[in-house]
Amino acid sequence: MATVGLDYPQGTDVNPSQRRGRKQGGGRRGAVRHSRKKVQIVLCLLLVELCERFTHFGIVCNMVLFCTLKLGCRNHQAAMVNLCFVGANTLTPVLMGWLVDSCMKRTVLVYICALLHFTGTVTLPLVAFPFEDFYVDTQHNTHSPAAREQVVLFYLALVAASVGSGGIRAIVCPFQAYQLQGFNLHQLRNFFNWFHWFSSLNSVFVFVSIAYIQQSIAKNLGYLIPFTSVLMTLITIHMVQNRLIFRPKAGGSLMATAGVVVTALKMCCTKYRHVSGEVRDWLDRAKENYGGCYSEAHVNNVKCLVRLIPLFACHILYRFCILQIPSAYFIQTMHSNLNYRGFLLPVAALNVVGLIPVLLIGPFLECLGSYLLSLHRDPISPLTQMVLGHLCATLSLVVAGISEVHRRNFLLVEQVLSGKVLLVSSMPCFQLSPQYLLLGVAEALVMPAYTLITFRLSPKSIQGIAMHFMALFNCVGCFVGAIIIQGIYQVFGGQWFPDDLNNGNLDRFFFIVAAFMLLNLLAFWRISHRYRDLRQEEDWCVKGSLLEKLIEHEKTLKFYDSVLERSTPFCPVEVVL
């Protein structure tokens, strides 16, 4: 850690011991200032993250209800809108990160994104919630927006909020800003457990407070969303003005990583094969030694990243399964009896039931891991957690299908939601709790382990790129889920994702997705052996001396159409794809 020295004017009579003491005192003050700034950065990062997640969950928890009852969307359309918004909110940080790396200044982009986020979060309450006073003129005439204008404003607000949120997350609070490179396996496990725990705690607060607006009793709570956006914007401006925003090191980008893959595919063509000769791995054709245009260190880092793609692919269907809570499970809860001792519960209140396992299992896993380490035993493997989590998600879908069959056997009763009378099943909504609990257990087990494996098996110089790839595949899971819902609706004529749940077969939708999840679980179990060794991948950007690389390059040039059939002297680990 750098220390702050003291300069003395010429002629000042200071003995060596006094000078030494003053230098040590200045060093201590510099260390204190450095530690205070570090604490300030961490607090700002956490606050921005919590505010952004608050606005995101506040939008998602009411979206299906608003789309079906206010905009007149069908059930499958509302579920698809929800999935697409979550997917866009996952994709925009990747796109904004690429934009700031390629053509825009970080400060300019962060101000633009903060403005977009505020505009979107202000427009949504005005469009979605019944603030009639806002549309009353001086003559006390109400001018509510037309249905078409309402739809257009709603989608524009979603786009603005999504783009603004993505830019802030990419620039202000990327994962690299937490500086986890020096953490060991146990410290990383604890960090990811508590990180997801705090995110879930924030979600509980959102679903308890914002979801209460659905009963139109506490309409003014709708202003919590833009208020939170303003708070996030002020914190972001403070971080920009005080230079607290993390600036990643140059040397790795998403486009350069994609360029390695494209170059390797291009060199694999027949007309280029005579240039590069035979190679051990198809990505090696992108190296400069074999006719490509990328350094050996960069290509080897990309090979470590490509090794994780099967893990990412198995997470696609799981992500769609988890997003049943704000989509299909939400619709199922809407058509159940929400009355509890004369009080009409918010539809999204059951989401809190799904978050209870996350709040309990996270601390339990940390305590269990610390106890096992004290006994010199290994804690639960992340792969074991992921397999158990996928199994819980599959069981949740099966339970949801059984509960749907059971729900249809109850008598119909009238229920008022957002000013409209619906015929719903008289089955109490709390009987749907087991499926929410199982998905909560799945999320508590899978997400910390999944993030840990991704972060641990990526070289340090491209850990940010690895997190971007993980976000991309999460985004693919959302859009693939929307395509699955649309496909099932079209193939089965709307019977398996019906608009009227009392005359349809939503249970068959849950059963078919559970079958897909079971196949996905078998595929994940088949490839899981590749990720058992969680020793940190070494960074190729700092591995190997210049002399070793020159020797290897010289050996490669000895033959025109082939290379030596031996491993490189500075490559202790061979990555097998």
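Accessible areas here come from the Shrake-Rupley method with a 1.4 Å probe, and for residues only the protein chains shown count as cover. By that method the protein has an accessible surface of about 27600 Å², 63% of it from carbon and sulfur atoms.

This is a predicted model, in which local features need pLDDT of at least 70, side-chain atom pairs count only at pLDDT 80 or more, and totals for chains, interfaces and linings use all residues. Residues are numbered from 1 along each chain as its sequence is written, and side-chain values use heavy atoms, with hydrogens and water left out.

The protein has 17 helices and 4 strands. These are DSSP runs (helices H or I, at least four residues; strands E, at least two), numbered from the N terminus. Of the 577 residues, 52% are buried. Buried means under 20% relative accessible area, exposed over 50%, partly exposed in between (1.4 Å probe, protein chains only). Contacts are heavy atoms within 4.5 Å. Among contacts with a separation of 6 or more, 78% join residues 24 or more positions apart.

Helix H9 (residues 296–306) is mostly covered, with 11 of its 11 residues buried. Glu296, His298 and Lys303 are among them.

Asn82 sits in helix H2 (residues 75–102). Beyond four places in sequence, Asn82 touches Val60, Met63, Val64 and Pro326. Pro326 is 244 residues away in sequence, yet the C-alpha atoms of Asn82 and Pro326 lie 7.5 Å apart.

| Residue | Relative accessible area |
|---|---|
| Asn82 | 0% |
| Cys429 | 2% |
| Cys392 | 15% |

The whole structure holds 0 disulfides, a disulfide being a pair of cysteine sulfur atoms within 2.5 Å.
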